[in-house]
Amino acid sequence: AAIQMVQSGDYVTPRYADGSLRFRKPILTYWVLATSYATLGIGLVSSRLPFLLAACATLWVTYRLARSVTQDPRIGLLAAALLGSNILFMESATKATPDILQCLFITLSLWGATELLFNRLQQTMQGRPARVIQHILQWVFRAATGVGAVLGSQPNPAPLRRTPGPP
């Protein structure tokens, strides 16, 4: 569908090669792929690179999240290493699926919430810059929560069916 978007110039409606509508994944996934294809060309590297970068960002945010909670950089490294060694995480990072993007935005939202709840910024910084950073984190938390929720709620075009049960 992302290839069709780049070739046709229609970035709103994802379509199969035959022209039929394709709404299996959230639109952000197609836009990420279409941007990569338009920038790097259509190929294996350009189809995997955005999701690998999202996985790297998720590892970094996981490090920041654990460090924010514990105030210990070693715990942050341990948390990132544990996530990086997870087979399902690495599998999601190497496929063009919305899973790793959803993981990134949910982790980002948790980090923003943790920073706001524990209020570490007010303890470490004083004055106006701390408030500016706190406002930025509030918007990061809100935006990441919204994007994570949208990525998790993809439409299901199949109608609900009732399975026959015992009489």
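Mentor: Let's start with a term: a helix is a DSSP run of H or I that is at least four residues long, and helices are numbered from the N terminus. In this predicted model, Leu-77 is found in helix α4, which covers residues 73-84.

Trainee: Thanks! Is Leu-77 buried or exposed?

Mentor: Exposed means over 50% relative accessible area. Leu-77 has 57%, so Leu-77 counts as exposed.

Trainee: How many helices and strands does the chain have?

Mentor: There are eight helices and zero strands. Read from the N terminus on, the order is α-α-α-α-α-α-α-α.

Trainee: And how much of the chain is buried?

Mentor: Buried residues make up 33% of the 167 residues.

Trainee: How should I read a nonpolar core? Which residues have the most contacts inside the largest one?

Mentor: Think of a core as buried nonpolar residues joined through their side-chain atoms. The largest one here has 22 residues, and Leu-33, Phe-51 and Ile-100 have the most contacts inside it. Two or more residues each come from α1 (2-8), α2 (27-40), α3, α5 (87-93) and α6. Helix α6 gives the largest share, six residues.

Trainee: What does Phe-51 touch?

Mentor: Leaving aside residues up to four places away in sequence, Phe-51 touches Thr-29, Leu-33, Ala-93, Lys-95, Ala-96, Thr-97, Ile-100 and Leu-101. For the chain as a whole, take the contacts with a separation of 6 or more: 58% of them are between residues 24 or more positions apart.

Trainee: Lys-95 is in that list for Phe-51. Which residue forms a salt bridge with Lys-95?

Mentor: A salt bridge joins a side-chain nitrogen of Lys or Arg to a carboxyl oxygen of Asp or Glu, within 4 Å. Lys-95 forms one with Glu-91, where the closest N and O atoms are 2.9 Å apart. Lys-95 is partly exposed at 39% relative accessibility, and Glu-91 is also partly exposed, at 35%.

Trainee: How many salt bridges does the count come to?

Mentor: The count is two. Besides the Lys-95 and Glu-91 bridge, the side chains of Asp-72 and Arg-74 meet at 3.3 Å, N to O. Arg-74 counts as exposed, with 64% relative accessibility.

Trainee: Now for aromatic rings. How many aromatic pairs does a search of the whole structure find?

Mentor: The search finds one. Trp-60 and Trp-111 form this pair, with 5.8 Å centre to centre and 75 degrees between the planes. An angle over 60 degrees counts as edge-to-face, and that is how this pair is classed. Trp-60 lies in helix α3 and Trp-111 in helix α6 (residues 99-118), so the pair ties together parts that are 51 residues apart in sequence. Trp-60 is partly exposed at 47%, whereas Trp-111 is buried at 11%.

Key
Residues numbered from 1 in each chain as written. Predicted model: local features only at pLDDT ≥ 70, side-chain atom pairs only at ≥ 80, totals over all residues. Heavy atoms only, no water. Phe/Tyr/Trp six-rings, centres within 6.5 Å; stacked < 30°, edge-to-face > 60°. Buried < 20%, exposed > 50% of the residue type's maximum accessible area, 1.4 Å probe, protein only. Core = buried A, V, L, I, M, F, W, Y, C linked by side-chain atoms within 4.5 Å. Contact = heavy atoms within 4.5 Å.
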